[in-house]
Structure formats: structure tokens, C-alpha cells
Amino acid sequence: MAHDTTHAHESSTKRIWTVFIILSVITLVEVILGIIKPDFLVHTYFISLKLINWIFIVLTIWKAYYITWAFMHMEGETKGLRRSVVWTAGFLIVYLIFILLTEGDYVYEVMQREQIAWDF
Amino acid sequence: METTVIRTGTEGKTWGGGNQPLKVSYGKLMMWFFILSDALTFSGFLASYGFARYKFSDSWPIADEVFNHFPFLHGVDAPMYYVALMTFILIFSSVTMVLAVDAGHQMKKGKVTFYMLLTIIGGIIFLGSQAWEWKNFIQGTYGAIETRGGNILQFVNDDGERVALADFVTAAPAERVLHERTNGLWFVDEPTLPRYTMEDVLAGFEANPNLHVRTQELTETGEKVILTRQASMAKLQNEGIGIIEGANLQKNEYGHPLFGDFFFFITGFHGFHVLTGVLINIIIFFNVLIGTYERRGHYEMVEKVGLYWHFVDLVWVFVFTFFYLV
């Protein structure tokens, strides 16, 4: 642990502004990528997801890490608190996403296959 | 009393009681667990949005075309600039919040007050921006045709640029009058009548040979399918049942009704969090002002409301990615 929350009274203004700059740069990169949408990234697939979407997701999780660790000061909390929050959320969200996206893809297949007209 | 004390043999050990293994106060710990449960609620929303996206992966609306407004730039196609601006506003208000917490650690009342005020202003600007975004979404820009199957048809010119209904349709003088409580049965009324009938649209479409119908379907390269002139005419005549302008929870001019529903629920639920965040921030701001925490000897309350405020920012980061970017 970097330092304990209970007796950390020295100012961390410098770190706050550094994190702000990092978050801004990541957001800018996301926006620029979203506007120009490079053909290569849009048409290359990795594990049935566009490369550009993988980049967006990784950048978002990176931003989430900085907000939680620096701004919400998770880096200064005990290992127990950190794990009880982050691991719980992590496991449940990964599970939820896996189930719902698999199911959504299945429903899509069914709608393509079945002898029912969806556009009439 | 001493006889009732039960010795467990764990005194002095981690589980013996009387210690704080997580080394935070009760209030902060409970704020963390509230945030955890709230994060799961938002994940439920976003994951079910993902479900709908996968289910309609060949016909989902393109976010860049829907959210392309910017204040004072009428008619200019500005995809995502406005949402990006909103993201910066929220990130910046998060920075001022963490600066307030930092000043609180050093017991500097003036600085805490100033940064809390900036945070509140940032939150209010964000809420206003979201209201403007909703206004654009609800009003709509181009209008569309609803088909019998519940799909929508949009209009483009030869160059593939979107054309609004108002640009080529003129309303014929109508016999039908809106039924209000004042001019009909006093106990019933009806929603506003659509501006144009299907006949008006067909007449306008025939008179403008450069128009084409664009369907919801996406091509392999992720663009919407544009029909030929004949196919457009046939589609309108056989399937069109009326016009849609703007959006509500039942239908919208952008595509699937679910797109509008998720927009209203996800951004609405987030906006509600921002609103409560601003209200709590205001309460804490006044407490700082009257010196409550100065007397208490610590500014932990600012830290707790700060946690909530950063969480609201955190959620927006994900909403931004999954609703506007992906």
C-alpha cells in the first residue's frame, strides 16, 4: 500500500491533475477514433467483436481504473475492502454480460432462421 | 456483569472483535457497498442494452446519426462532439470534487467551499446539457414512416443524405379535427394528430424523383440499406401506415422502439443520480459553510459524498462508451 488513509494529510494535488490529464487524453482518443472510424479497425474482428470496439472497451476500463483508484482513493484502502468491492462487481458483471450477450446472439439466430416474417 | 462475558479464545486475533480489519469508518464502508449495489443495477441496464443490440445486430440505429447536434450549430452534422463535451464537464467536476476532499484533509475550509461550489456548478451544467440532449431526441430532426410490421423507413436523396419529411411533404387540407374535451365528448381526448397523412407523404415522394427510402437493415459494412426508386415506392404503398416524428416510449423515428426505451432509461437513471448528487453536494456545501465539519474536526462527510460523485462520473464513462461509441 502506498499510504494509509487515516493519516495521509500531505496534499496530493499534483497526482490529481496528472490523473485528470490522463483521463482527458483517453477520452480525446476515444472521440477521435469514434469520429474517423478507421476502416482497418472497423472491419477487423477479434473474438466476434470489431477491433475498434475492443479498443473502446479497454480504454473505458482503463479510465474506470483511474477514477476508482485515484479519485475514489481505492489505492489507499486495505486489500480486504478493495477486493470485496472490485472482485464482487467484477465477477457478477462478467457473468451477466456473458449470459445476456450469448442469449441475445441466440435470439438473433432464431429470428434469421425461423419461418416467420419480421418485416411485413 | 463480568460473569456474563463469554470468552471465545479468539481475543486479540482478527476475528476476536473490537478491531477494524478494513480500517475505514462505518459510513465510508457502507457508501462503498451502496456504490457496489448501484454499479450492479447499472450493469444490468447496460447488459440488457447489449442483449437488444445483439438481438437486432443487423438493424440497430447508428448512434452517430442520432446524436449529431451541437448548440448554435443548426444543421451541421456534429457527431458526438456534444456528448464528448458533457463527458469533459463531468470529469472536470470529479476533479474539483477530489480537490475539495484533498483540501478537507488539510482542514482548509475556504478551499473546500470553493471546490464544492465548482463541483455543484459542473453538475448543474451537466444536467442542463442532458435536458437539451433529451429535447433533441424527443423532438427528432427528420421524421420517418412507420410500417405495418413496426419498423421504420427514412428518406434520403440521391447522394445518400437524410431528407426531412417537412422538406418534401405538404399537408393537404384535412377534414379531421383533433378531438379535445372542449369540442367532443367531455371525458375523452386523443393524442395530437400527425402533421401529415400517408397520402401526403406518397404525393410528396412521387413529386420528388431524387428521393429514396432507407430501411433499418444494415449492410455488411455497417451502412443502412437504400432502396431503388421503384422498390421505395412499393414499400411505402404496401407497408407504410403513418408518420413518426421524434421519440417516446412506444416508438421513435430512429429505429427500434427499444433504442428509445434504453436511451430514456439509462441516461434518465444516470441523470437522476446526477440530480441527487447535486442535491447532496448542496447540503454538504452549506454544512461546510456554517462550519459543521470544522467543529467536528474532520471533513469525512465531504469524502463520502465525493465517493458518490465519482461513482456518477464512473457510470457516465461506461454509458458514453456503450451508448455513443460502440
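Biologist: Let's start with β1(B) and β2(B): what do they form, and how many residues lie between them?

Modeller: This is a predicted model, and in it β1(B) and β2(B) make a hairpin with four residues between them. Gly150(B), in the turn, has a positive phi of about 85°.

Biologist: How do you know that β1(B) and β2(B) pair?

Modeller: Pairing asks for at least two bridges found by DSSP. Strand β1 (residues 144-147) of chain B and β2(B) have two bridges, in the antiparallel sense, so they count as paired. Within this pair, Ile145(B) stands opposite Leu153(B) of β2(B).

Biologist: Why is strand β2 of chain B called largely enclosed?

Modeller: A residue is buried when 20 or more other C-beta atoms lie within 10 Å of its own. Four of the five residues in β2(B), which spans residues 152-156, are buried, so the rest of the structure largely encloses the strand.

Biologist: Why does Trp134(B) count as partly exposed?

Modeller: Buried needs 20 or more neighbours, exposed needs 12 or fewer, and partly exposed is in between. Trp134(B) has 16 C-beta neighbours inside 10 Å, which is why it counts as partly exposed. You will find Trp134(B) in helix α4 (residues 109-139) of chain B. The C-alpha atoms of Trp134(B) and Phe263(B) are 9.1 Å apart, although 129 residues separate the two along the chain.

Biologist: How do you know that α1(B) reaches close to its expected span?

Modeller: The expected span is 1.5 Å times one less than the number of residues. Helix α1 (residues 26-55) of chain B has 30 residues, for which 44 Å is expected, and its first and last C-alpha atoms are 44 Å apart.

Biologist: What covers the buried residues of α1(B)?

Modeller: The buried residues include Trp32(B), Leu46(B) and Phe51(B), and Lys55(B) is also one of them. Their cover includes α4 of chain A, along with α8 (257-289) and α10 (300-325) of chain B.

Biologist: How do you know that chain A and chain B are in contact?

Modeller: Contact here means C-beta atoms within 7 Å. By that test, 47 residues of chain A are in contact with 43 residues of chain B. On the chain A side, α4(A) gives the largest share, 16 residues. By class, that side has 26 nonpolar, 15 polar and six charged residues.

Biologist: How does the radius of gyration of chain A stand against that of a compact globule?

Modeller: For 120 residues, a compact globule would have a radius of gyration near 14 Å, but chain A has 21 Å. The C-alpha atoms of chain A fill a box of roughly 70 × 35 × 25 Å along the principal axes. Of its residues, 19% count as buried.

How values were computed
Residues are numbered from 1 along each chain as its sequence is written. Chains are lettered from A and ligands numbered from 1 in the order in which they are written. This is a predicted model: local features need pLDDT of at least 70, side-chain atom pairs count only at pLDDT 80 or more; totals for chains, interfaces and linings use all residues. Two residues are in contact if their C-beta atoms, placed from the backbone, lie within 7 Å. Ala, Val, Leu, Ile, Met, Phe, Trp, Tyr, Cys and Pro count as nonpolar, Asp, Glu, Lys and Arg as charged, and the others, Gly among them, as polar. The radius of gyration is taken over C-alpha atoms; the globule rule is 2.2 Å times the number of residues to the power 0.38.
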